[in-house]
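Student: I would like to learn how to read this model feature by feature. Where do we start?

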Amino acid sequence: MKKLILLAIPFCLMGCYNQERNCADFKTGNFLFEQEINGQKHTSTFVRTDKYEIETYNGKTDTASIRWVNDCEYILQKLNPKNMAEKKAVQMKILSTNENGYTFEYSIVGDSNKQKGEIKKIR
């Protein structure tokens, strides 16, 4: 019986831990996203308003509509898709926040393959 109680304590403590999520702080603003692809660093910047997300990547600008599902989840849909892949909506979920940005996961709507990333708020 003692062993069961000792085993249960760590699980109880883990259940009490909640990551900070102040998602409202990131609904609008200017942001920076950096990722490494094939050993090279790629950077994109974007401006998020109440209705749109305007991204600049490799000198090209693209706009997507944004629809908030709840305080920490939203759907992006490109306004001018250039191919079938760009026509698919992207689901975004903010997992945790801090004063400088947030960690998120994203996937094509309906796809179980999720990717993770970090965004920095620059204004």
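Tutor: We start with burial. Buried means under 20% relative accessible area, exposed means over 50%, and partly exposed lies in between, with a 1.4 Å probe and protein chains only. By that rule, both F31 and F46 are buried. Of the 123 residues of the protein chain, 26% count as buried.

Student: What should I know about the model itself?

Tutor: This is a predicted model: local features need pLDDT of at least 70, side-chain atom pairs count only at pLDDT 80 or more, and totals for chains, interfaces and linings use all residues. Residues are numbered from 1 along each chain as its sequence is written, and side-chain values use heavy atoms, with hydrogens and water left out.

Student: How many helices and strands are there in the protein chain?

Tutor: Helices (H or I, at least four residues) and strands (E, at least two) are DSSP runs, numbered from the N terminus. The protein chain has two helices and eight strands. Along the sequence the pattern reads α-β-β-β-β-β-α-β-β-β.

Student: How do I read strand pairing?

Tutor: Strands of a sheet pair through backbone hydrogen bonds, either parallel or antiparallel. The rule here asks DSSP for at least two bridges between two strands. The eight strands make a closed barrel, β1-β2-β3-β4-β5-β6-β7-β8, with antiparallel pairing. From one strand to the next, the twist averages 35 degrees. For such angles, axes are lines fitted to C-alpha atoms, for helices over the stretch in contact, and angles run from 0 to 180 degrees between N-to-C directions.

Student: How many bridges join β1 to β8?

Tutor: Three bridges join them, and the two strands run antiparallel. There, F33 stands opposite I119 in β8.

Student: How do I read backbone phi in the loops?

Tutor: Most residues other than glycine have a negative phi, and most peptide bonds are trans. N38 has a positive phi of about 50 degrees although it is not a glycine. N38 lies in the loop between β1 and β2. At 79% relative accessibility, N38 is exposed. N58 also has a positive phi, near 55 degrees. N58 sits in the loop between β3 and β4, and at 58% relative accessibility N58 counts as exposed.

Student: How do I read aromatic contacts?

Tutor: A pair of aromatic rings is described by the distance of the centres and the angle of the planes. Rings of Phe, Tyr and Trp (its six-membered ring) pair if their centres lie within 6.5 Å; planes under 30 degrees apart count as stacked, over 60 as edge-to-face and the rest as tilted. The count comes to seven aromatic pairs. F31 and F46 are stacked, at 5.2 Å centre to centre and 20 degrees between the planes. F31 lies in strand β1 and F46 in strand β2 (residues 40-48), so the pair ties together parts that are 15 residues apart in sequence. Y102 and F104 form an edge-to-face pair, with 6.0 Å between centres and 70 degrees between planes. Both Y102 and F104 are buried. One aromatic cluster takes in F26, F31, F33, F46, Y102, F104 and Y106.

Student: How do I read the pockets?

Tutor: Rolling a probe the size of a water molecule over the atoms shows where empty space is left. On a 1 Å grid over the protein atoms alone, a pocket is an open set of points where a 1.4 Å probe fits, with protein on both sides within 12 Å along at least five of seven lines; lining residues have an atom within 4 Å of a point. Grid points are joined across faces, edges and corners, and a volume is the space filled by probe spheres set on the points. The largest pocket holds about 960 Å³ of space. Its lining has 32 residues, with E55, L76, K78, V90 and Y106 nearest the centre.

Student: Which residues line the second largest pocket?

Tutor: They are L32, E34, S96, N98, N100, G101, Y102, T103, E118, I119 and K120. The second largest pocket has about 170 Å³ of space.
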